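Here's a quick briefing to read alongside the model. Have the sequence and the 3D view open as you go.

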Amino acid sequence: MKILITGSNGLLGQKLLHKLRKDYFVELIATSKGGNRVTDRSNYTYFDLDITNNDAVAKLIESEKPQVVINTAAMTNVDLCEDRKNACDALNIDAVKYLADACVNIDAHLIQISTDFIFDGEDGPYTEEDIPNPLSYYGLSKLKSEQLLQAHSVKWTILRTIIVFGVGEKLNRGNIVLWAKGALEKGDSLNIIDDQFRAPTLAEDLADICILAAKKKALGIFNASGKDIMSIYEIVERIAKHYGNSIDNLNKISTATLNQKAVRPPKTGFILDKSRKELGYNPHSFEESLVIIDEQLKIID
Ligand SMILES: NC(=O)c1ccc[n+]([C@@H]2O[C@H](COP(=O)([O-])OP(=O)(O)OC[C@H]3O[C@@H](n4cnc5c(N)ncnc54)[C@H](OP(=O)(O)O)[C@@H]3O)[C@@H](O)[C@H]2O)c1
């Protein structure tokens, strides 16, 4: 199977790249905006691809003819999306249409990654059938990308995920586990919100469900998060416990005191029954994920 991934310099993109380049049954095309930032260059072909460039998307997909395209590229900074709505639309909505149009022309299957932020967080955890009501521009843009695929003739899978974390190479953004580990080690005094609940997702688990969906060319929406639902405070507390750090400097605060640009949903989390049953998705527990991260950090050190 020939698979093309977009955003291969990002966290999910890198995990897909590392898993798929070792897969004997997969011919991998990795693409991202700008040069390849991944050191290992074996067993895949890399192309620069800015997915907001319709012509470039159409040309590359037409010439490479992948059977599956996995779109991991997105504007993922939720507060920045409030400030830069046009740029957010271009990457999170318009580019998804370019990919869908190009996929239809060669009968390729498109996998799109969406988010818990399409929900208002009043009623989590959510099933795939629950009614979205985004509170932020980022959430709205991702919901619009879902809706455009639902109305498009392309064959698609939508995988909805939550707070993705993991270890990567030269990433442009941090993630909660690496940030909290570093801050706890320094002994900083940390103010952590305890009124938002999430199911954080190990990037490897998200890559695995992308691959399961790609191999089955699964149709429809699937929840693709971690299985443990916790407050953000509890996430940091469990990281501290795992690494043997004191929690004396951890202070609970409420969302209201943060004054963030984008409004966040209070309680999300996903019910994973459909993904487990139909795709065989089996994510790690949060503590198992931390052990996997430890192993990866040892290799980097
Ligand atoms: N991270 C989360 O907590 C989270 C939560 C819910 C849903 N999601 C969704 O999961 C998906 C993967 O997220 P992630 O954490 O892997 O994101 P990420 O680390 O930010 O990766 C996105 C990648 O896309 C690249 N990119 C940006 N603009 C591009 C363009 N115009 N054309 C091609 N590539 C472009 C970025 O390049 P640079 O590295 O050069 O900037 C980056 O490498 C996204 O759809 C995101 O919305 C993520």
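Ala203, Glu204, Asp205, Leu206, Ala207, Ile209, Cys210, Ile211, Ala213 and Ala214 are the buried residues of helix H7, where buried means under 20% relative accessible area, exposed means over 50% and partly exposed is in between (1.4 Å probe, protein chains only). A heads-up: this is a predicted model, so local features need pLDDT of at least 70 and side-chain atom pairs count only at pLDDT 80 or more, while totals for chains, interfaces and linings use all residues. Residues are numbered from 1 along each chain as its sequence is written, and side-chain values use heavy atoms, with hydrogens and water left out.

**Helix H7**
- With 10 of its 14 residues buried, H7 is mostly covered; helices (H or I, at least four residues) and strands (E, at least two) are DSSP runs numbered from the N terminus.
- The end C-alpha atoms of H7 (residues 203-216) sit 20 Å apart, which agrees with the 20 Å its 14 residues should span at 1.5 Å a residue; the expected span is 1.5 Å times one less than the number of residues.

**The ligand**
- There are 26 residues around the ligand, and Gly10, Leu12, Arg37, Asp50 and Tyr138 come nearest; a residue counts as near if one of its heavy atoms lies within 4 Å.
- Gly10 has a backbone N or O atom 2.8 Å from an oxygen atom of the ligand.
- The ligand taken alone exposes 900 Å², and the protein buries 90% of that (Shrake-Rupley method, 1.4 Å probe).
- Helix H1 (11-20), strand E5 (109-115) and helix H5 (137-150) each supply at least two residues of the shell, and E5 gives the most, with three.

**His152**
- Look for His152 in the loop between H5 and strand E6 (155-161).
- Its side chain makes a polar contact with the side chain of Asp101 at 2.7 Å; that term means a pair of N or O atoms within 3.5 Å, and within protein one must be able to donate a hydrogen and the other to accept it, with residues adjacent in sequence counting only if both atoms are side-chain atoms.

**Ile158**
- Ile158 is found in strand E6, and at 0% relative accessibility it counts as buried.
- Ile158 and Glu146 are 12 residues apart in sequence and 7.1 Å apart in space, C-alpha to C-alpha.
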